[in-house]
Amino acid sequence: MKVFGQRKRAAAVIAAAGALLALAACTPAGSGSPAASSASNPAASAQSSTTAPPSPSAEAGTSATVGALVPGFPQKLLPLMPGAKLVSSSIDKTTAPATVALVGSATAPAANVLAFYTKALEAQGFKAVPGETVGALPSKDFLRGDNETVNIAVVQTTGVSTFTIGANVAAESVK
């Protein structure tokens with residue numbers, strides 16, 4: 001029963017991180033955003049950056065961004081897989097445990113993504129929870145101590161694996 005609650009909590013973290021990342025991606029049209037400049041000038045789209053500035057947050061200690069790591073992101077805890085492209089990241093240090101999320105994509109198969117993060121997390125003392133899928137979706141949960149959890153889910157389409165990592169970890173893990 002304890003594993004089910006932790007999976008449910010990890011799913012909630014991923015949903016919350018997705019909401020933060022969606023908000024970070026929203027910028028008004030015509031405000032100098034890359035989307036606005038590329039609509040009026042196709043040549044500008046080739047030169048425009050896909051990196052958005054960190055989103056304004058209602059509370060200090062929360063941040064999300066697209067195309068970059070947010071300031072203070074714990075790269076040791078959740079390193080970007082070599083060869084992967086960073087899609088977005090977020091962090092919320094106002095909660096206990098703190099919430100961290102990373103979204104990336106790679107041309108590697110889903111099994112390789114899970115293997116990379118399994119090795120990285122186990123090296124930091126996380127233990128893999130039995131199970132490799134939720135339904136048909138490759139997904140893996142990890143625990144460290146009584147209240148630190150990490151979930152990795154991978155969607156693979158046309159040779160690209162898009163992975164979402166959500167973590168609830170102690171404050172000292174995100175320093």
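**Charged pairs and core**

Let me start with Lys140, which counts as buried at 7% relative accessibility. Keep in mind that this is a predicted model.

Which residue does Lys140 meet in a salt bridge? The partner is Glu132, and the N to O distance between the two side chains is 2.7 Å. Glu132 is partly exposed, its relative accessible area being 43%.

How many salt bridges does the count come to? Two. The other one to look at is between Arg144 and Glu148, where the closest N and O atoms are also 2.7 Å apart. Here both Arg144 and Glu148 are buried. As background, side chains of opposite charge can pair when their charged atoms come close.

Now the core. The largest nonpolar core has 28 residues. Those with the most contacts inside it are Leu78, Val100, Tyr117, Val150, Ile152, Phe163 and Ile165. Two or more residues each come from strands E2 (85-92), E3 (98-106), E7 (148-157) and E8 (160-169), and from helix H4 (110-122). Which element gives the most? That is H4, with five residues.

Take Ile165 as one example from that list. Setting aside neighbours within four places in sequence, Ile165 is in contact with Leu78, Val100, Ala101, Leu102, Tyr117, Val150, Asn151 and Ile152.

That is what I have; questions are welcome.

Key: Residues numbered from 1 in each chain as written. Predicted model: local features only at pLDDT ≥ 70, side-chain atom pairs only at ≥ 80, totals over all residues. Heavy atoms only, no water. Core = buried A, V, L, I, M, F, W, Y, C linked by side-chain atoms within 4.5 Å. Buried < 20%, exposed > 50% of the residue type's maximum accessible area, 1.4 Å probe, protein only. Helix = DSSP H or I, 4+ residues; strand = E, 2+ residues; numbered from the N terminus. Contact = heavy atoms within 4.5 Å. Salt bridge = Lys/Arg side-chain N within 4 Å of Asp/Glu carboxyl O.
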